[in-house]
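Here are my notes on this entry, as numbered points. Please read them with the structure open.

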Amino acid sequence: MLDIPYEPKKIEDKWQKRWEELDIFNVKDDPSKSKYYLLEMFPYPSGKIHMGHVRNYTIGDVITRFKRMNNYNVLHPMGWDAFGLPAENAAISNNIHPAKWTYDNIDYMKKQLKKLGFSYDWKREVATCDENYYKWEQMFFIKMYEKGLAYRSKGNVNWCEKCATVLANEQVEDGVCWRCGTEIEIKELEHWYFKITDYAEELLDFTYKLPGWPEKVLVMQRNWIGKSFGSELKFQIKGSPDFITVFTTRPDTIFGATFMSIAPEHPIIDSLVKGEAGDRDKIISEINEMKKEDKIKRTSEDYEKKGVWTGSYCINPANGREIPIFVANFVLMDYGTGAVMAVPAHDQRDFDFAKKYNLPIIPVIKPIDKDIEPSSMEKAYEEEGILFNSEQFNGTKNIEAMDLITKWLAEKNLGKRSVNYRLRDWSISRQRYWGAPIPIIYCDKCGVVPIPVDQLPVVLPKDVQFTSSSDILKQLKDFVKTKCPKCGGDARRETDTMDTFVESSWYYIKYASPNTSDTPFDQKAVDYWLPVDQYIGGIEHAVLHLLYSRFFTKVLRDFGYIKFDEPFTNLLTQGMVCKETHSCPEHGWLFPEQVNEGNCSICGKQVDIGRSEKMSKSKKNVIDPENIINEYGADTARLFILFASPPDKTLEWSEQGVEGCYRFLKRVWNLVISNYEKIKDVDIYSENDGALDGETKALRRKTHETIKKVYNDINDRFHFNTAISAIMELVNLANQSNVNSLLEKKVLKETLQTIILLLAPFVPHFTDELWSIITGCNNDPLLNKAFPCWDEKALQRESKTIVTQINGKVRGKITVSADMEEAQIKELSINDEKIKTFLEGRGIKNIFYVKDKLINIVTQ
């Protein structure tokens, strides 16, 4: 009997080396084959991969291997989102150049990814900090500048003091920096924007043309784009020729506007705030405190509404009434014009605010059959009705009045119809060193001058001394001082670098032709491979990377570089990896080894155990993938990740689950090895070998049922967990089989080979080794084999078991022929002796039949 133990490390090292020698992951353009482009969001090279990476990339690898085995030409590349703040911070802290820190991390993480057996075509690897990559990004910037899609403007920006840089709106989460958690502040700076708003309508329209995307992601993007129809109305500031313009979807309520609310970030505030120096300082201080509040929370219904009167008034254009101008925390500069006409009688938020600050409430819409008195109002009236207190529009239905009032104000040049978007242009300037330089020169004579394309790239200077200053490039005189390409006179370079989300907005195209030097893309390769068929990544990128990538795709399409409208045909957003945390009331988060019998090993206090949260270094609940690989092997880690949860759901980490997956692999290993002598010299079963019966027929039927289920679960739904569960059932049945005759051996061999092939996408080292043992060939990876096909004849059953329920409770079972019709099955069920006893004295109201599964008898 063959006696070979399962040794994961030895097997995995062997096959990783073998795959590299055979170069089996290298893919070439082949128009004769159907292509499939599988891509996971590329990582930032932070130093080590974490379980979130492992989950994302394992899902992608299973799909890649499955498609390869189904005769697709599969592109599965990997690269590095290599620019970013952590590298610069590491340079400052450790006196190491960010390039060295980044490339050292890339080397280490690449080794980790290879240890997990991922099928990446490393010949297509890109790193966005490579000048041969960002050269083309700079060219795109110049073309966007020439087309008016890149522009420089002064405006309020989100500023992170710790990172010393500007953040786009999408990079501010709960009022803090998405990267470091520092509370953001608003600054007025001159910086560069991409005009994403020019594409707002198309970006919105195509969210209804992406059936392969999760609806929740599309809804998030629609909400972020935020299209609304309404009117722009002009309120003149008292004592000034200037106006405040508001966007409103309710022009029908303008006669009831009793105050104006403007955002704390509104640029007009400084000229509005009145009063003595002390009062003015107090007002400005209150406004600054509002700016610090989280923007999302500020607009939520249950968040406290706060405001401060500026001391100024504006004129209601409908009735000439003077109304006070308030700065209110619930108004955002990011929506509309940053100013809202407040109608407390017909908006609950305004109603609450008016009550709090004792402001007038004037109703102007009422039900047809009922009057409304301001003194008796307990809440805002927000229903439809007819206008009153609205001069010439009294008696008009409010829906009709919307258009009539807008036209009336337009005639006086005080209003117009308008479409508004919440989306704002993308701020891309970053005051950091480690990023792609913006290819712009400033000349006193010629103004803003783009670098000529033939002089690209503008390369980051390498000889740099790192300090805590954020203005490193500004201090490099040799970099800053240059000559104007137009007039030849003295000029200076732009010292801001581009937002790192720019690099990740087009990297997926570069993989199709990573080594082109005279053009950004090889057109034939792009036409063959793009767009991406399946993209995989976290939902946290729904309105960051994913929206920016869609925008960039449309820009490059309009420039003629690509011929498609959307970057990713299908999107899978994988769930988080969570683990229980351990928290001490005195020492905070603890590592598991710091907990002794439920108490903190430092102070002895009882520890709060069991709260499951996303794995995080700060919460000390991370699992190092290398520890799992070293103890159980990469295949066990992969199997657990896939089996523990559907890919789009949260995965709860479980040591017992990992051990269970390891035991399952050993059980499969022992099943194959223990039966090797029986099957080594026989062929697999074919119909010419004769008819099957009994357990042997049942095993072959189960084998082909499993093939069908696994294929459908992977191909149609990505339900890897149920696919693996089906294979486990087949393994259990194979383990119970008594094999003696030649036919039994042939069927068992077919079953064992099927188990290995079905498991191949999930646990590739394990299955390649088992395949080499039973075939005697060490140079035949299963990636090049065909995925099994099921035999419809083998699936046929002679009989089926039907469960009988009475009022939803199981009361019996009957066995019937496989082709028995519904009417006969119902008759047999109600005439079954056991069922008769339950039905005695009770009439039958209805009988429901679930095909091939159950009968449910409903009694009266």
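This is a predicted model: local features need pLDDT of at least 70, side-chain atom pairs count only at pLDDT 80 or more; totals for chains, interfaces and linings use all residues.

1. Start with the lining of the largest cavity. Strand E4 gives the largest share of that lining, 3 residues.

2. The largest cavity has a volume of about 220 Å³. Its lining comprises 19 residues, and those closest to the centre are Gly-84, Leu-85, Thr-165, Arg-430 and Thr-500. The elements that supply two or more lining residues are helix H3, strand E4 (165-167) and strand E23 (497-498). By type, the lining of the largest cavity splits into 8 nonpolar, 6 polar and 5 charged residues. In total, the structure holds 6 cavities of 30 Å³ or more.

3. Next, the second largest pocket. Its space comes to about 800 Å³. Of its 25 lining residues, Phe-330, Tyr-335, Val-340, Asp-347 and Arg-349 are the closest to the centre. Strand E9 (243-248), strand E13 (339-342) and helix H11 (348-357) each contribute at least two residues to this lining. The lining of the second largest pocket has 9 nonpolar, 9 polar and 7 charged residues.

4. Now look at His-76. It sits in the loop between strand E2 (73-75) and helix H3 (85-94). Is His-76 buried or exposed? His-76 has a relative accessible area of 2%. The cut-off for buried is under 20%, so His-76 counts as buried.

5. What does His-76 touch, leaving out residues up to four places away in sequence? The list is Leu-38, Glu-40, Gly-60, Asp-61, Thr-64, Ser-119, Tyr-120 and Asp-121. With Glu-40 there is also a polar contact, side chain to side chain, at 2.7 Å. Tyr-37 lies 39 residues from His-76 in sequence, yet their C-alpha atoms are 6.4 Å apart in space.

6. Helix H2 deserves a look too. H2 covers residues 51-69, 19 residues in all. From first C-alpha to last, H2 reaches 27 Å, close to the 27 Å expected at 1.5 Å a residue. Of the 19 residues of H2, 17 are buried, so the helix is largely enclosed by the rest of the structure.

7. A last detail concerns what follows H2. Asn-71 comes after the helix, and its phi is positive, near 70°.

Note on methods. Residues are numbered from 1 along each chain as its sequence is written. Side-chain values use heavy atoms; hydrogens and water are left out. Helices (H or I, at least four residues) and strands (E, at least two) are DSSP runs, numbered from the N terminus. The expected span of a helix is 1.5 Å times one less than its number of residues. Buried means under 20% relative accessible area, exposed over 50%, partly exposed in between (1.4 Å probe, protein chains only). On a 1 Å grid over the protein atoms alone, a cavity is a set of points where a 1.4 Å probe fits but cannot get out, and a pocket is an open set with protein on both sides within 12 Å along at least five of seven lines; lining residues have an atom within 4 Å of a point. Grid points are joined across faces, edges and corners, and a volume is the space filled by probe spheres set on the points. Ala, Val, Leu, Ile, Met, Phe, Trp, Tyr, Cys and Pro count as nonpolar, Asp, Glu, Lys and Arg as charged, and the others, Gly among them, as polar. Contact means heavy atoms within 4.5 Å. A polar contact is a pair of N or O atoms within 3.5 Å; within protein, one must be able to donate a hydrogen and the other to accept it, and residues adjacent in sequence count only if both atoms are side-chain atoms.
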